[in-house]
Amino acid sequence: EETNLRCNILLDTSRSMAYGSGRLSKFAYACTLAASLAWLLTRQQDACGLVVFDHDVRTKLPPATGRAHLATLVKVLEQAQPSGQTDVKVLFHRLAEELHRRSMVILITDLLADETDVTGGLEHICYAGHELILLHVMDDHEWNLPFAENVQFEGLEDEVRLLADPQSLRASYLREVERFATRVRTLCLRHRADYVAVNTRDAVDGVLCGYLARRAGLLG
């Protein structure tokens, strides 16, 4: 776009983001997305900030420009580690209020939290006047449940363990994943926000290029 903008990247660092079945965990993938977007914004002379959160805000860098700020932002990403639980019921509402000036908000998260809390928090961010881009990052195992034999599922943010036959669960599981993603996508469309479903098996550059090309087409 012709004018400079203020952007805040909100990065989920809860324990569920540590999961990964491929080369990159969800967290490593999300950090790569965040760093890539920060670099692109800095090249355009746009101000980019970073908020690292789990159940609380762990690090907050206000939007700024320049290479020194980008280096600081990347250092924060390098030092961050997934830990704690996600408490979107409080946190999304808090962030919506704390980002005083209207800005573009890029939220990078797996959205593994109570559905009502997720949708309510996303709506608050939009109602606060921010332009939301939601990058919904999940592992291919989470999107498609490809297991063939009995698997013990362990909660990363709680003590729940479940031994189950994935083949008997797959159809209902995939319906539920699609239902949830559709609800979030519909909410985003209603508020003119962007929703991007991200599978960590896909290359980061391909995901970003595809999204940015679609966005440029919509704005053009």
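Buried residues are those with under 20% relative accessible area, exposed residues those with over 50%, and partly exposed residues lie in between (1.4 Å probe, protein chains only). By this definition the buried residues of helix α6 are Pro 166, Val 177, Phe 180, Ala 181, Val 184, Leu 187 and Cys 188.

The structure is a predicted model, in which local features need pLDDT of at least 70 and side-chain atom pairs count only at pLDDT 80 or more, while totals for chains, interfaces and linings use all residues. Residues are numbered from 1 along each chain as its sequence is written, and side-chain values use heavy atoms, with hydrogens and water left out.

**Helix α6**

Helices (H or I, at least four residues) and strands (E, at least two) are DSSP runs, numbered from the N terminus. Helix α6 covers residues 166–190, 25 residues in total, and extends 34 Å from its first C-alpha to its last, close to the 36 Å expected at 1.5 Å a residue. The expected span is 1.5 Å times one less than the number of residues. A bend of about 30° occurs in α6 at Ser 172, the bend being the angle between axes fitted to the seven residues ending there and the seven starting there. Just after α6, Arg 192 adopts a positive phi of about 55°.

Contact means heavy atoms within 4.5 Å. Leu 187, placed in helix α6, touches Thr 119, Leu 122 and Glu 123, not counting residues up to four places away in sequence. Leu 187 counts as buried because its relative accessibility is 3%. At the end of the numbering of this helix, Arg 190 belongs to α6 and counts as exposed because its relative accessibility is 53%.

**Cysteines**

A disulfide is a pair of cysteine sulfur atoms within 2.5 Å, and a search of the whole structure finds zero of them. For Cys 188, which is in no disulfide, the nearest cysteine sulfur is that of Cys 126, 6.4 Å away. Cys 188 counts as buried because its relative accessibility is 0%. Cys 209 is likewise in no disulfide, and the nearest cysteine sulfur, that of Cys 7, is 17 Å away. Cys 209 counts as exposed because its relative accessibility is 53%.

Cys 126 lies in helix α4 and counts as buried because its relative accessibility is 11%. Its contacts are with Leu 132, His 191 and Ala 193, not counting residues up to four places away in sequence.

| Pair | Apart in sequence | C-alpha to C-alpha |
|---|---|---|
| Cys 126 and Cys 188 | 62 residues | 8.7 Å |
| Leu 187 and Glu 78 | 109 residues | 32 Å |
| Arg 190 and Val 52 | 138 residues | 27 Å |

**Nonpolar cores**

In soluble globular proteins, nonpolar side chains tend to be buried together. A nonpolar core is here a set of buried Ala, Val, Leu, Ile, Met, Phe, Trp, Tyr and Cys residues joined through side-chain atoms within 4.5 Å. The largest has 34 residues, and those with the most contacts inside it are Ile 9, Leu 11, Leu 33, Leu 50, Ile 106, Ile 108 and Leu 135. Two or more residues of this core come from each of β1 (6–12), α1 (26–43), β2 (47–53), α2 (67–79), β4 (104–109), β5, β8 and α7 (204–219). Helix α1 gives the largest share, nine residues. Apart from this core lies another, of 29 residues, among them Leu 10, Leu 99, Val 105 and Leu 122.

Ile 9 touches Ala 34, Leu 37, Ala 38, Cys 48, Gly 49, Leu 50, Val 51, Ile 106 and Ile 108, not counting residues up to four places away in sequence.

Helix α1 has 18 residues and reaches 26 Å from its first C-alpha to its last, close to the 26 Å expected at 1.5 Å a residue. Its buried residues include Phe 27, Leu 33, Ala 34, Leu 37, Ala 38 and Leu 41. After α1 comes Gln 45, with a positive phi near 65°.

Strand β2 is mostly covered, with seven of its seven residues buried. On one side these are Ala 47, Gly 49, Val 51 and Phe 53, and on the other Cys 48, Leu 50 and Val 52. Strands β1 and β2 pair in the parallel sense over seven bridges, where pairing requires that DSSP finds at least two bridges between two strands. Within this pair, Asn 8 stands opposite Gly 49 in β2.
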